[in-house]
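Here is a short report on a two-chain model. Please keep the structure open while reading.

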Amino acid sequence: MAYHILLVDDAPELRRMVGELLEGAGYAVTLAADCAQARAAWARQRPDAALLDVMLPDGDGFALLGELRRDGGDVPVLFLSARDEDEARLQGLGLGADDYITKPFLPQELLLRLGAVLRRVYGGPAREVLRLGDTEVHWGPGTVRRADGTEATLTAKEYALLKKLAANRGNIVTIDALCEALWEGPMVGYENTLMVHIRRLREKIEADPSHPKYLLTVRGLGYRLAREERP
Amino acid sequence: MRGRNLRRTLVAAGLVAASAVLVLILALGGLLAFIVASAGVSSSWNASVADLSAALTETEDGYTFTAADYLAEKELWAMLIDENGDVVWQQGKPEDVPSHYTLADVASFTRWYLNDYPVQVRIRPDGLLVAGSPKGSTWKHPFILDTEVLATVPLWFAGLFLLALLCVLGLTALVLSRQFRREQRERDTARSDWINGVSHDIRTPLSMIMGYAGQLEAAPDLSPARREQAAVIRRQSQTLRELVNDLNLTMRLDYEMQPLRRGTLHPAALVRQVAADVLNGGLEEGYALEVDLPPEAEALTLEADGPLLRRALLNLVNNCVNHNPEGCSITLGARADGKFCVLWVEDDGGGTVPAPAKGGSALAADGGAAHGTGLKLVEQIAKSHSGGLELRAGARGVLGVVRIPL
């Protein structure tokens with residue numbers, strides 16, 4: 001079942017464009033031009049997520065978030081704002097928005113961030129298995145199943161490492177970001193330990209650990225989990 | 001703008017000068033008043049004892065006094081003491097005033113009071129004329145001044161004058177600077193509101209341009225040529241977005257509207273992150289990027305605003321890309337240099353360094369180049385961290401160096 005998104009923005013053309021974009025990506029969309037319409041749609045439709053503009057003709061998106069939160073619990077809310085300073089204001093208010101996107105944005109940026117928030121909140125099938133060629137990583141039990149049928153179990157560090165790389169699949173993740181994911185601190189002194197974990201991880205997920213196809217080193221920067229090659 | 005400031009400065013200088021002249025006049029007036037008042041110390045009060053003396057004449061029958069009415073009107077009394085100390089004439093003398101005086105009595109009352117009556121005296125050939133006022137009507141005090149002290153009086157006045165002048169100057173400066181600051185703040189607020197408004201109004205239409213261009217770029221039913229055109233629109237609108245963001249941040253730093261959010265930061269990690277961001281964002285063909293971090297750079301820490309420094313490095317990288325449309329190899333790194341942390345970006349395009357501007361800035365007022373907004377922002381970010389930006393010819397191309405105190 002498609003996720004239902006409530007989009008609140010007072011600019012009609014933007015509303016239409018983002019609406020079409022979301023529908024094109026397979027979401028069901030309800031449009032609202034102001035706080036009043038948003039409240040009505042929220043009560044009637046119970047959407048799975050909301051995209052809110054900050055400046056609305058009859059109120060403020062932040063105040064609206066407070067109301068919706070009281071009414072609808074933990075439904076994820078993303079802000080679309082045209083002002084830089086709104087982000088600081090949002091942090092200052094301590095409102096639990098799930099993401100904050102500054103206009104203008106690329107369609108892909110919006111879809112990626114909305115998708116990430118929805119996956120985080122509701123989970124999804126993509127979370128269960130990571131495919132690396134013939135090798136499958138099953139997140140649930142934390143195991144790696146190779147093409148030859150053998151299985152290996154990931155240690156907690158290897159699991160966290162692979163999770164971080166998979167969440168940014170295709171992108172370089174710096175050694176600092178990886179160390180922070182593993183040890184919640186700066187990387188000073190941990191680099192060699194990180195390399196050990198990487199080597200062991202390669203032994204479990206790569207067919208030829210000396211010539212990795214997926215867990216790639218980016219010299220001087222970090223590592224990258226290569227995307228699945230499309231035939 | 002500058003003309004108006006100059007005019008205000010001139011007006012302020014005029015005001016200060018006028019205040020100084022006023023102080024001078026007041027001080028001189030005070031001096032004159034003092035001199036006049038001092039001159040009056042020895043003269044008579046209430047009535048002129050000389051006039052009274054003239055009104056008293058000795059005749060064969062005794063004394064004739066022609067100013068009795070005047071005395072009564074002024075509630076005064078008078079008496080004449082002869083050389084033996086006896087009162088030989090009197091007009092309205094109170095009963096508690098004795099009729100005979102010794103030399104000591106006379107010496108006493110001529111300077112002080114006679115039975116608490118303030119008195120004035122005049123020496124006449126036939127004795128001493130004493131004019132008395134009612135008790136409590138006049139305060140008598142001898143004015144005695146050492147001549148050495150008298151000689152320093154001009155110095156005292158000069159000192160007081162200078163003190164008064166300083167006070168006036170200080171007050172004027174305070175009032176004027178407060179006024180200047182207030183006006184400056186009002187102007188800054190108006191300007192920043194305006195820029196905020198404009199950038200806000202640009203962002204929504206730009207969202208539409210970027211959104212539709214992005215969708216067209218990915219539309220499978222369009223020809224590759226049309227999709228490439230859409231890609232150009234998308235890329236240019238992204239450039240416009242960066243410009244709006246830079247403009248906003250420049251203004252916020254200019255008017256100190258953005259407080260630094262300092263935190264402990266590892267420059268080496270920052271450099272790696274910026275490099276990764278650039279590579280993840282998709283560096284165009286023809287460009288290469290690498291980092292150069294010596295081992296000692298790993299241990300460096302800075303108290304700095306991470307997102308701002310990240311922006312500065314990204315802008316320096318973008319500057320390399322913008323100035324080398326044919327492609328180039330970009331290196332970024334960090335190292336310690338004395339008490340400074342140096343973050344640097346260098347390309348190998350052999351381009352020219354923007355000419356230095358007046359006022360010690362590495363950039364001209366317009367940023368030094370067509371893509372100058374980005375570099376101006378780098379300089380502002382460096383300055384907001386008490387550091388600086390230096391652009392110079394490196395070994396292979398342009399070297400941008402941001403120096404931040406450790």
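Chain B holds nine helices and 14 strands. The model is a predicted one. Of the 406 residues in chain B, 27% are buried.

Chain A has eight helices and 14 strands. It contains 231 residues, and buried residues make up 32% of them. Take the contacts in chain A between residues at least 6 apart in sequence: 48% join residues at least 24 apart.

**Where the chains meet**

The interface brings 27 residues of chain B into contact with 25 residues of chain A. On the chain B side, four elements each supply at least two residues: helix 5 (147-217), helix 6 (224-254), helix 7 (267-280) and strand 9 (288-292). Helix 5 of chain B gives the most, with 12 residues. By class, the side of chain B that touches chain A divides into 10 nonpolar, 12 polar and five charged residues.

**Nonpolar cores**

In soluble globular proteins, nonpolar side chains tend to be buried together. The largest nonpolar core in this model has 67 residues. The members that touch the most other members are Val271(B), Ala275(B), Ala312(B), Leu313(B), Val317(B), Leu332(B) and Val378(B). What does Ala275(B) contact, leaving aside its neighbours within four places in sequence? The list is Leu221(A), Leu289(B), Val291(B) and Leu332(B).

**Helix packing in chain A**

Helix 6 of chain A (residues 156-167) packs with helix 7 (residues 175-183) and with helix 8 (residues 191-205) of chain A. The table sets out the two pairs.

| Pair in chain A | Angle | Axis separation |
|---|---|---|
| Helix 6 and helix 7 | about 135 degrees | 9 Å |
| Helix 6 and helix 8 | about 85 degrees | 10 Å |

Helix 6 and helix 7 of chain A are therefore oblique to each other. Helix 6 of chain A passes helix 7 of chain A in a right-handed crossing. Lys157(A), Ala160(A), Leu161(A) and Lys164(A) in helix 6 meet Leu178(A), Ala181(A) and Leu182(A) in helix 7. The contact of these two helices has five nonpolar residues, no polar ones and two charged ones.

Helix 6 and helix 8 of chain A are roughly perpendicular to each other, because an angle of 65 to 115 degrees counts as such. From helix 6 of chain A, the contact uses Lys157(A), Glu158(A), Leu161(A) and Leu162(A). From helix 8 of chain A come His197(A), Arg200(A) and Leu201(A). This contact has three nonpolar, one polar and three charged residues.

**A closer look at Glu158(A)**

Glu158(A) lies in helix 6 of chain A. Is Glu158(A) buried or exposed, with 22 C-beta neighbours inside 10 Å? Glu158(A) counts as buried, because the cut-off is 20 or more. Not counting residues up to four places away in sequence, Glu158(A) touches His197(A), Arg200(A) and Leu201(A). Glu158(A) and Leu182(A) are 24 residues apart along the chain, and their C-alpha atoms are separated by 8.9 Å.

**Backbone exceptions**

Most residues other than glycine have a negative phi, and most peptide bonds are trans. Some sites in this model depart from that.

The peptide bond from Lys103(A) to Pro104(A) is cis, with omega near -5 degrees. Pro104(A) sits in the loop between strand 7 (99-102) and helix 5 (107-122) of chain A.

Asp116(B) is not a glycine, yet it has a positive phi of about 75 degrees. Its loop runs between strand 5 (113-114) and strand 6 (117-124) of chain B. Asp116(B) counts as exposed, because it has 11 C-beta neighbours inside 10 Å and the limit is 12 or fewer.

Ser386(B), also not a glycine, has a positive phi of about 60 degrees. Ser386(B) is found in the loop between helix 9 (372-384) and strand 13 (388-393) of chain B. With 9 other C-beta atoms within 10 Å, Ser386(B) is exposed.

Notes. Residues are numbered from 1 along each chain as its sequence is written. Chains are lettered from A and ligands numbered from 1 in the order in which they are written. This is a predicted model: local features need pLDDT of at least 70, side-chain atom pairs count only at pLDDT 80 or more; totals for chains, interfaces and linings use all residues. Two residues are in contact if their C-beta atoms, placed from the backbone, lie within 7 Å. Ala, Val, Leu, Ile, Met, Phe, Trp, Tyr, Cys and Pro count as nonpolar, Asp, Glu, Lys and Arg as charged, and the others, Gly among them, as polar. A nonpolar core is a set of buried Ala, Val, Leu, Ile, Met, Phe, Trp, Tyr and Cys residues joined through C-beta atoms within 7 Å. Axes are lines fitted to C-alpha atoms, for helices over the stretch in contact, and angles run from 0 to 180 degrees between N-to-C directions. Angles under 35 degrees count as roughly parallel, over 145 as roughly antiparallel, 65 to 115 as roughly perpendicular and the rest as oblique. A crossing is left-handed if the near helix is turned anticlockwise from the far one by less than a right angle, and right-handed if clockwise.
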